[in-house]
Amino acid sequence: MTRNETAPHWQDLFERLLGELEHRSNPDWQADQASLDPALYCDSGHFARERERLFRRQPLCLGPVDQLGDPGSAMAREFCGVPVLMTRTREDRVKVFLNVCRHRGARLVGEDGVACPQQSLVCPYHGWTYRLDGTLAGLPHAEAFPALDKQASGLRELPSSVRHGLIWAVLDPESGPAPDIAAFLGGIDRDLESIGLGSHRLYRQHAVKRATNWKLVVDAFLEVYHVTRLHAGTIGRFFHDAVAVSDQVGPHQRVLVGRESSAAIRALPPERWSPQVHGTLTHYVFPNSVFVYHPDYVSHMGLFPTSADETLFVHSMLIPEAPSTDKAEAHWARSFELIDGGVFNGEDLAVCEQIQRGLASGANDRLILGRLEQNLRRFHHTLDVALS
Ligand code: FES
Ligand SMILES: [Fe+2]
């Protein structure tokens with residue numbers, strides 16, 4: 001048996017983090033400086049290729065199942081310009097459809113991002129009515145449609161699956177069977193299992209459109225060079241300055257950021273090393289999701305671009321169990337305000353918007369990547385491969 005088969009799940013990653021904390025042993029310290037072309041973030045032709053090859057072909061995490069509310073509910077949201085309708089049937093099956101009536105194409109559910117209990121889905125234009133499983137239940141004056149095949153006129157379904165309490169779907173209805181998310185996630189799947197993500201509950205969700213290219217946001221979550229500086233007034237003091245180790249896992253990345261001292265980590269046996277308490281784990285899940293594991297909760301960020309310079313940012317805060325006291329509720333409300341309002345929107349996304357305008361100004365003909373930003377080089381290489 002190899003060491004990895006017997007070691008606790010996070011031991012290898014932590015041993016490398018200890019090496020980095022104690023003597024900067026990360027191989028990235030041998031890397032060459034690199035750079036990126038600003039056109040990757042500004043060019044509309046490049047964005048059109050990303051939309052076709054990444055956002056319409058790859059499985060995307062559309063958020064937690066909980067966002068739909070109890071069984072017998074539906075929620076609409078436009079992802080990357082595609083009107084999507086997610087439903088939770090009374091039998092508790094999650095389905096993902098195009099939010100488009102099969103009569104003449106009106107939107108079935110108009111309000112974006114609000115989960116509502118629904119008996120059925122009634123098109124506001126002429127009243128065609130669908131069940132939550134997408135089948136056409138009925139239509140006014142059915143005798144006016146003598147050739148209509150009701151069986152074949154259900155909503156267009158998108159290939160989807162649920163894994164780790166999250167909804168995954170491909171935005172192209174022609175893209176084949178439901179995606180195998182365990183295979184897609186590879187080694188990240190075991191991480192999510194180990195953390196118990198599937199048993200977390202949605203506490204709160206915030207969706208906002210920001211004037212930035214989606215990749216600038218991923219870039220911000222893949223490097224720790226900025227953390228003690230940009231976040232000096234919020235969370236910066238909880239972290240070591242620019243200490244992290246990472247793994248490329250297929251097209252995804254796993255990053256462990258230094259939080260506790262090496263002495264505090266070494267004082268515990270490896271089976272007690274927690275990737276949320278003794279470090280801060282982050283996953284980049286290709287192409288557009290980021291998970292951050294805070295000490296007592298998890299943030300999922302979905303990045304859904306609508307153009308080269310506009311992105312819908314959907315942040316879901318996932319907590320181990322629903323709050324049962326006012327004190328617990330106040331604690332989570334404070335945590336959400338700090339991380340969503342203060343850190344992500346107030347600091348990270350604000351800088352991304354500044355960069356977007358800065359790049360469009362033509363001041364820089366390259367974005368420079370140092371040895372602490374090698375995860376960005378790996379991320380952009382993954383995208384190059386996927387787009388070529
Ligand atoms: S477009 Fe929906 S009923 Fe006519
Ligand atoms: Fe940040």
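Both His 226 and Asp 348 are buried, where buried means under 20% relative accessible area, exposed over 50% and partly exposed in between, with a 1.4 Å probe and protein chains only. The model is predicted, and local features need pLDDT of at least 70, side-chain atom pairs count only at pLDDT 80 or more, and totals for chains, interfaces and linings use all residues. Residues are numbered from 1 along each chain as its sequence is written, chains are lettered from A and ligands numbered from 1 in the order in which they are written, and side-chain values use heavy atoms, with hydrogens and water left out.

The iron ion (ligand 2) is coordinated at 2.1 Å by His 226 (NE2), His 231 (NE2) and Asp 348 (OD); donors are N, O and S atoms within 2.8 Å of the metal (3.2 Å for Na, K and Ca), and sites may look incomplete, as water is not among the atoms. The spacing of these donor residues in sequence is H-x4-H-x116-D. His 226 lies in the loop between α7 (214–222) and α8 (227–230), whereas Asp 348 belongs to helix α10 (residues 326–360), so the pair ties together parts that are 122 residues apart in sequence. Helices (H or I, at least four residues) and strands (E, at least two) are DSSP runs, numbered from the N terminus.

Glu 373 is placed in the loop between β19 (367–369) and α11 (374–387). Glu 373 is buried yet has no salt bridge, the nearest side chain of opposite charge being that of Arg 229, 9.7 Å away; a salt bridge requires a side-chain nitrogen of Lys or Arg within 4 Å of a carboxyl oxygen of Asp or Glu. A polar atom of the Glu 373 side chain does, however, lie 2.7 Å from the backbone nitrogen of Gly 370. When residues up to four places away in sequence are not counted, Glu 373 touches Glu 223, Tyr 225 and Ile 368, contact meaning heavy atoms within 4.5 Å.

Ile 188, in helix α6 (residues 187–195), is buried, with a relative accessible area of 0%. Among the residues that Ile 188 touches are Val 249, His 252, Arg 254 and Val 285. Ile 188 and Val 285 are 97 residues apart in sequence, and their C-alpha atoms are 8.2 Å apart in space.

With a disulfide taken as a pair of cysteine sulfur atoms within 2.5 Å, the count comes to zero. Cys 116 is in no disulfide, and the nearest cysteine sulfur, that of Cys 123, is 16 Å away. Cys 116 counts as partly exposed, at 28% relative accessibility, whereas Cys 101 is buried, with a relative accessible area of 4%.

Methods. Lys and Arg count as positive and Asp and Glu as negative; His and the chain ends are not counted. A polar contact is a pair of N or O atoms within 3.5 Å; within protein, one must be able to donate a hydrogen and the other to accept it, and residues adjacent in sequence count only if both atoms are side-chain atoms.
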